[in-house]
Amino acid sequence: MENSEGVKIESTVVTEEPLISALDIALFVVIITVAYFWYFKRDKQSSSSEKKPYTIQPSSLSSIEQTSNSSFIKKLRSTGRSLVVFYGSQTGTAEEFAGRIAKEGARYKMKGMVADPEECDMADLVEMKEIQKSLAIFCIATYGEGDPTDNAMDFYEWLQNGDADLEGLNYAVFGLGNKTYEHYNEIAIYIDQRLEELGATRVHEIGLGDDDANIEDDFVSWKEKLWESVCSHYGIEETGEESNIRQYKLVDCSEVLPERIFSGEISRLKSYENQRFPFDVKNPYLSKIAVNRELHKSGDRSCMHIEFDIDGSKMRYDTGDHVAVYPKNSSELVDKIGELLNADLDAVFSLLNTDEESSKKHPFPCPCTYRTALTYYLDITSNPRTHIMKELIEYASDPKDQEKLKLMASSTPEGKKEFHEWILRDNRNIVHILEDLPSVKPDLDHLCELLPRLQCRYYSISSSPKVYPKSIHITAVLVNYTTPTNRVNKGVATNLLAQLIPTNDELPQPTIPIYIRRSQFRLPPKSQTPIIMIGPGTGLAPFRGFIQERDYARKEGREIGEMVLYFGCRRKDEDFIYENELQEYVANGTLTKLHLAFSRDQPEKKYVTHLLEQNADELWNIIGEKSGHLYVCGDARSMAKDVHSIIVKVVMEKGQMTNSQALNYVKKMEQQKRYSADVWS
């Protein structure tokens, strides 16, 4: 009735007013004015962009060049190649493996290239069959909660949503994962199966690398069998011994102007001097350290509470996100390498890819000094892989050193045993190797080519943006331990952070590059939903943010659900971190229950898992009867697995289910994001 009356009244008004009202004229003028300015502004921008010269940083490609290089098929054809190795990498290992495979292709008359799927038009895979004896290999890591790496996301979605005809495509897949995580190598397994579903031919069975054990051994073993399958499939033979071919050539940059030399920037030259939003993995924000205080009350271990100042950065984070910290190597280790190799660390150089078709012109930002490369860009503290042992052989002048390197570089049982004991068990890094094999004197530029990139370190954010919108808090244990060779190894990031102490005077405050990595570790949408949090040690970090957020909601007058926290540490008087804060949240009602396990305060060890088993009724009441959420943060290798087993057991007993029904129930909780884990190994 109201609608019909409304229409009737409107029609009556129209008949009584003139054809063109003052309002119509005003609107017409506004539209013409907007169109005029839009047109001429666009024209002006277009004109100015045509006149603006393009500048390409030494370490990166311009967007135009990247676009023109998106067709890997054209590159294969123009350079007479038949092998392309794609990588999905978050930390650089998959990219390194891809490079090693592409390099070895020459031994089998298959000239290869490495390709980043993010920079390629992956639809071109349908054309691979037109290249004679072609092969596509995928080195793919699984990341987070069974997710593809950032650079493989588009390719993964293309496979999921598309139905391309890949008949004639020959392929093989090697996955990089960690068995302590539930979604072990899930992405690689999916890609391997999906390619077959789309008609492609699997040349060799999928390889599954386990980073919790010895992923290098897994890769080498798979790679050897891969080439056997390749030879059989294509009817080719190995051409002979592998030669160490340099991927990059040294360029003397002593005449380069100082303002064109990188000094630690991740991508853009002078990016730390001229900060530009948005901030991400290639453009981190140089944050001031606002607070750095010790959390442990006593003992010989250290746990730091650190606050990064993000005021004015426009950076935003959500409770449960991670912050990435870009570390740098200690000057002591860097100087030691210069001393061992008798090298001038302040010489300016560049490494230029010998493959002109590669989109990766440099292994790290160039030009720079050797000191900068070893400090900011190269990983000099991790255990080197076997291919580095192989490359170092030619630099050993002592036959004994040479034989030792040859043995560790080999794939024989004796070689694998020696590598495992001398490198992995004894925890030797490149500095230790050069010290213990004194006749090995590699060219420093070659060593810079061989070493992997120094990676940023991720920390669970231990604050809520509702309470701390201008700062990001982390909770970090100082890594410091003695190796079997009586050397002291120090965590790269935590030992750097330990030195960054803010001062009360007017001196410049210490800074460090950071960016925010989004997470799926989230509070329930409704503040009334009850939750259980299990976080021993620094696993408490994200839950500190959760509690702050719920406390904020309570103070606003909103209803909040039950919050139950399980926390454990060694001793109450030693490493009970944030004790006063937690007790205050219990007192004001935000934290419903606080279950504490101090493992060494009594003769028998007591852990949070023991408390979980004791509180089965409370556990089922929240996750079963009230459909609450359960969160786990901490060690993936033992704690998180034990928690999962206990949850399944509780669901069986209290929910009166069979083992398979309980497993399905827990699986459904995970799918509904009611059971979330933020764990590490």
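Tutor: Two residues are in contact when they have heavy atoms within 4.5 Å of each other. On that basis, among contacts in the protein chain with a separation of 6 or more, 75% are between residues 24 or more positions apart. The model is a predicted one. The protein chain has 681 residues, of which 50% count as buried, and it contains 23 helices and 23 strands.

The part to look at closely is a set of positions from a record. An unreviewed UniProt entry lists a "binding site" made up of Arg-301, Thr-538, Ser-599, Arg-600, Lys-605, Lys-606, Tyr-607, Val-608, Thr-609 and Asp-642.

Start with Thr-538. This residue is in the loop that runs between strand 19 (531-534) and helix 17 (541-555). Is Thr-538 buried or exposed? The cut-off for buried is under 20% relative accessible area. Thr-538 has a relative accessibility of 18%, so it counts as buried. Setting aside residues up to four places away in sequence, Thr-538 touches Cys-303, Thr-475, Val-477 and Trp-680.

Val-608 sits in a helix: helix 20, which covers residues 608-614. Its relative accessibility is 4%, and therefore Val-608 is buried as well. With neighbours within four places in sequence left aside, Val-608 is in contact with Ile-534, Pro-536, Tyr-566, Phe-567, Gly-568 and Ala-597.

A packed pair of helices is described by the angle between the axes and by the distance between them.

Helix 5 (residues 93-104) packs on helix 8 (residues 215-234) with the axes 12 Å apart and an angle of about 30 degrees. Helix 5 is therefore roughly parallel to helix 8, and the crossing is right-handed. Helix 5 contributes Phe-97, Arg-100, Ile-101 and Glu-104 to the contact, while helix 8 contributes Ile-215, Glu-216, Phe-219, Val-220, Trp-222, Lys-223 and Trp-227. By class, the residues in this contact of helix 5 with helix 8 are seven nonpolar, no polar and four charged.

The next pair is helix 6 (residues 153-161) and helix 7 (residues 186-197), whose axes come within 11 Å and cross at roughly 45 degrees. These two helices are therefore oblique to each other, and their crossing is left-handed. From helix 6, the residues Phe-155, Tyr-156, Leu-159 and Gln-160 meet Ile-187, Tyr-190, Ile-191, Arg-194 and Leu-195 of helix 7. This contact of helix 6 with helix 7 has seven nonpolar residues, one polar and one charged.

For helix 9 (residues 331-340) and helix 10 (residues 370-377), the axes come within 10 Å and the crossing angle is roughly 135 degrees. That value makes helix 9 oblique to helix 10; the crossing is right-handed. Val-334, Asp-335 and Ile-337 on helix 9 make the contact with Arg-371, Leu-374 and Thr-375 on helix 10. The classes in the contact of helix 9 with helix 10 are three nonpolar, one polar and two charged.

Some backbone details in loops remain. Phe-277 and Pro-278 are joined by a cis peptide bond with omega of about 5 degrees, and Pro-278 is in the loop between strand 8 (248-252) and strand 9 (285-294). A cis peptide bond also joins Cys-366 and Pro-367, with omega about 0 degrees. Pro-367 belongs to the loop between strand 12 (348-353) and strand 13 (368-369).

Lys-314, which is not a glycine, has phi near 70 degrees. Lys-314 is located in the loop between strand 10 (303-309) and strand 11 (322-325) and is exposed, with a relative accessible area of 56%. For Asn-486, also not a glycine, phi is about 65 degrees. Asn-486 is in the loop between strand 16 (480-482) and strand 17 (488-490), and at a relative accessible area of 68% it is exposed.

Conventions
Residues are numbered from 1 along each chain as its sequence is written. This is a predicted model: local features need pLDDT of at least 70, side-chain atom pairs count only at pLDDT 80 or more; totals for chains, interfaces and linings use all residues. Side-chain values use heavy atoms; hydrogens and water are left out. Axes are lines fitted to C-alpha atoms, for helices over the stretch in contact, and angles run from 0 to 180 degrees between N-to-C directions. Helices (H or I, at least four residues) and strands (E, at least two) are DSSP runs, numbered from the N terminus. Angles under 35 degrees count as roughly parallel, over 145 as roughly antiparallel, 65 to 115 as roughly perpendicular and the rest as oblique. A crossing is left-handed if the near helix is turned anticlockwise from the far one by less than a right angle, and right-handed if clockwise. Ala, Val, Leu, Ile, Met, Phe, Trp, Tyr, Cys and Pro count as nonpolar, Asp, Glu, Lys and Arg as charged, and the others, Gly among them, as polar. UniProt positions are given in the numbering used here, feature names are shortened, and annotations may be inferred rather than shown by experiment. Buried means under 20% relative accessible area, exposed over 50%, partly exposed in between (1.4 Å probe, protein chains only).
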